[in-house]
Amino acid sequence: MSALALPVVRGRQVWAWARIAFCAVMLALVLAPLLWTVFLSFRTNIDLLRQAPLDLRGPYTLDNYAELLRNQTLFRWFFNSLVVSTVTVAGVLTLSSLAGYAFGRLEFPGRNWLYLIVLAGLAIPDQSVILTRHQIFSDLHWHNTYRALILPGLSAPLGVFLMTEAFRAIPRAQDDAARLDRANAIATFWHVLLPQTVPALASLGIYTFLLSWNDYWWPLISATRPSMYTLTEGMAAAQSNYVEVLGKGVLMAEAVVAGLPVLIVYILFQKHIVNAVTGMVKL
Amino acid sequence: MTGWLGRLNRQGWPNLLFALPFLAVYAWLLIYPLLAGMGLSLHRANLFGGARFIGFENYIRLFRDATFLQALANSLLFVLMCVPVLVVLALGLALALNRATRFAAFMRSAVFASSVLSVTVMTIIWRQILAIDGGLLSHGAHAIGLPAVPFLSDPNLALPSLAAVTVWWSLGLPMMLFLSALQQVPRSVYEAAALDRATPWTVFRQITLPAITPALVLVTAYECALQFQVFGQPQLLTQGGPNGASRPLVLYIYETGFNQWDIGYAAAASQMLFALILVAAFVPQLAQRLWRRA
């Protein structure tokens, strides 16, 4: 049928069908792993240990999730992640908006050179500074503390770049008006300019939250005590140890519970996240 | 006194105070570790003893170290496997989804959603797909009477499997970047092409592709730099095995520095990584220049 029809359909229609087929395949590939994980998290451990294909009709169980509620360490990791991510966001927003104001709006000697040095930092990967960064915190005996987990996140220059751009985008006339009112630099910053950077602050804040929540590299190196693990680091420990102890079903439930907060943040603030990542690369 | 302060004030020095908190943290935790790391790479050092200056000996040792060379080759291979697929699929998705329908919006969200998951959650998910016992793919293979494939334990399949997983995980960002580039192409150009009854392929070749070439170069450079930093996927899914077949540079640095505590040597390896990332970020731009001249 389609072979007969093909010669007469116009090229445009072939492209339209190709587009639909491509989208369908990609959607299946994107969603299947996620759905499979959710599916496994509702199956009993005995069921998961059998080699036979799983019966779609069940049995289904909530035992794996009930097991999670009894798991105190998971709450501890969740709490650690919440503390680290929240404080990191607050810190990044404060430091970046102050520095962005200075670089984007004020004059001082050496400003352009300093800004160039800050931008150059965007090219430095965390992995290439890790050994000496680890030493800094070892010398201070700060490993396994919140400040060790938080501080390196504050040194990333991305926020300064985004905020400098945001301050530059505000029309000059507004500072001049503030100057006529004899407002000083701090008052101009706080009352006139900062309120106008709220969209940029929101994008940066949510992006920083995700980055900090998902960071695996630095917590793995700095937080070696299980009570100081972040949720992301804890999920690594979980997948190597817990399968034997608690079973695969519990691990799947943990993955769902650990993945859900970021997915919810993403669904709520999708526009901001996309703004931040596209703004970041447009440098 | 007031004259001196007044002069500082007129030159704008107090304004520097706004940038100072960030600059302090930046210097302390990014610039200093970078420079100190370069210094450390010239020393034989471990975490417990002192450090002895040995010049470039660590670098010479690296190039005679089969494990390092294997890791270097793995990283290059990984980037070569990941980035072209990522760029082509992301561009395809961006072209297909650059429209204002509800389905396109849903699909954009769905594709990007996987990239907000942490690497540790992502590997838990994918182990249940790829695992030889009880993985989704082995269930599928059994169902149609085929033997299960050892994706993560076959030396020839481990690295490609990690690349496939990484493509799944990182597709969202390049797609969004392409979409934002596509939206900047003026609509009138497409309308003119439609009047000329240009085929979709001609439109893509003559209008879209030239318009998004900068984005294409940018995304390629960014992804090259990013994928050289791959760590969590091999560390969690294959532990770099079998026999180092899937151990990339960052995993090598991690093991050398934090399992063997040979930190001077690991610092040398991390300088190599830094150099490689800088090169990777500039090669696509360079290629574009040469292409244009040719």
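What share of the contacts in chain B with a separation of 6 or more is accounted for by residues 24 or more positions apart? Such residues account for 68% of them, two residues being in contact if their C-beta atoms, placed from the backbone, lie within 7 Å.

This is a predicted model, in which local features need pLDDT of at least 70 and side-chain atom pairs count only at pLDDT 80 or more, while totals for chains, interfaces and linings use all residues. Residues are numbered from 1 along each chain as its sequence is written, and chains are lettered from A and ligands numbered from 1 in the order in which they are written. For the complex the predictor gives an ipTM of 0.89 and a pTM of 0.90. Chain B has a mean pLDDT of 89, with 98% of its residues at 70 or more; pLDDT is the predictor's confidence in each residue, from 0 to 100.

**Chain B**

Chain B contains 14 helices and 2 strands, where helices (H or I, at least four residues) and strands (E, at least two) are DSSP runs numbered from the N terminus. Its radius of gyration is 25 Å, well over the 19 Å that the globule rule gives for 294 residues, so chain B is more spread out than a compact globule. The radius is taken over C-alpha atoms, and the rule is 2.2 Å times the number of residues to the power 0.38. The C-alpha trace of chain B spans about 75 × 65 × 40 Å along its principal axes. Of the 294 residues, 44% count as buried (20 or more other C-beta atoms within 10 Å of the residue's own; exposed means 12 or fewer, and partly exposed in between, with C-beta atoms placed from the backbone).

Leu137(B) belongs to helix α7 (residues 136-143) of chain B. This residue counts as partly exposed, with 15 C-beta neighbours inside 10 Å. Leaving out residues up to four places away in sequence, Leu137(B) touches Ile129(B), Leu130(B) and Val149(B). Its C-alpha atom is separated by 7.5 Å from that of Ala148(B), 11 residues apart along the chain.

**Annotated spans**

| Span | Distance between end C-alpha atoms | Helix and strand |
|---|---|---|
| Residues 77-101 of chain A | 36 Å | 100% helix, 0% strand |
| Residues 113-136 of chain A | 27 Å | 62% helix, 0% strand |
| Residues 76-97 of chain B | 31 Å | 100% helix, 0% strand |
| Residues 109-129 of chain B | 22 Å | 76% helix, 0% strand |

**Chain A and the interface**

The contact between the chains takes 72 residues from chain A and 73 residues from chain B. Helix α2 (residues 11-41) of chain A supplies 15 residues, the largest share of the side of chain A that touches chain B. By class, that side has 53 nonpolar, 15 polar and 4 charged residues. Ala, Val, Leu, Ile, Met, Phe, Trp, Tyr, Cys and Pro count as nonpolar, Asp, Glu, Lys and Arg as charged, and the others, Gly among them, as polar.

Chain A is divided into domain 1 (5-41) and domain 2 (71-282), with bounds from an automatic or database domain assignment. The centres of the two domains, taken over C-alpha atoms, are separated by 36 Å. In chain A, 4 residues of domain 1 are in contact with 5 residues of domain 2.

Phe161(A) is found in helix α9 (residues 158-168) of chain A and is buried, with 24 other C-beta atoms within 10 Å.
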